[in-house]
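Here's a friendly walk through one structure. Have a look at it first, and then we'll take it piece by piece.

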Amino acid sequence: MKQNSMYNKKRYLLLHLLVLYYPVISIVAKYASKYDVLTWQFLLIYGLQLFCIGVYAIFWQMVIKGMDLSIAYSTRALVVIYNMFWAYILFEERISFKNIIGSIIILLGIWVVTKDD
């Protein structure tokens, strides 16, 4: 039982790391949008974006294998909060009061779905 508990903790940690990684795809797309379509810079960054999507897809399948899908998919809602975090750090975008309220609502929704009966 103790070993199974450790396995689940590792799986949840990997799930959260993967959800934290997912916004990287959007970040790469934002950099690609700075270049004209079909320039070598655009194609290079777009290729990087496709690579990031592939890495995400492979690890997503590995993480959710044997996991309750309602927990895995509800946890993906954290992508919105992580996107805000990365936008603030990398692009110096502003986080508004409405963003904070929305984040709290997302966290409450995840809590409702994932809490034990």
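## A buried glutamine

Q49 counts as buried because its relative accessibility is 14%; buried means under 20% relative accessible area, exposed over 50%, and partly exposed in between, with a 1.4 Å probe and protein chains only. You'll find Q49 in helix 3; helices here are DSSP runs (H or I, at least four residues), numbered from the N terminus. Setting aside residues up to four places away in sequence, Q49 touches I25, V28 and A29, where contact means heavy atoms within 4.5 Å.

A word on where this comes from: the model is predicted, local features need pLDDT of at least 70, side-chain atom pairs count only at pLDDT 80 or more, and totals for chains, interfaces and linings use all residues. Residues are numbered from 1 along each chain as its sequence is written, and side-chain values use heavy atoms, with hydrogens and water left out.

## The rest of helix 3

Helix 3 covers residues 40–64, and its 25 residues should span 36 Å at 1.5 Å a residue, which agrees with the 36 Å between its end C-alpha atoms. The expected span is 1.5 Å times one less than the number of residues. After helix 3 comes G66, with a positive phi near 80 degrees.

## Helix 2 meets helix 5

How do helix 2 and helix 5 cross, and at roughly what angle? The axes of helix 2 (residues 23–32) and helix 5 (residues 78–91) come within 9 Å and cross at roughly 45 degrees. That makes helix 2 oblique to helix 5; angles under 35 degrees count as roughly parallel, over 145 as roughly antiparallel, 65 to 115 as roughly perpendicular, and the rest as oblique. On the helix 2 side, the residues in this contact are P23, S26, I27, K30 and Y31, and they meet V79, Y82, N83, W86, L90 and F91 in helix 5.

L20, from helix 1 (residues 2–21), is in contact with Y82 and W86, leaving aside its neighbours within four places in sequence. L20 counts as partly exposed because its relative accessibility is 27%.

## Two loop residues with positive phi

Most residues other than glycine have a negative phi. L38, in the loop between helix 2 and helix 3, has a positive phi near 70 degrees. E92, in the loop between helix 5 and helix 6 (97–114), has a positive phi near 55 degrees.

Are these residues buried or exposed? L38 counts as exposed at 65% relative accessibility, and E92 counts as exposed at 72%.

Conventions:
Axes fitted to C-alpha atoms, helices over the stretch in contact; angles between N-to-C directions.
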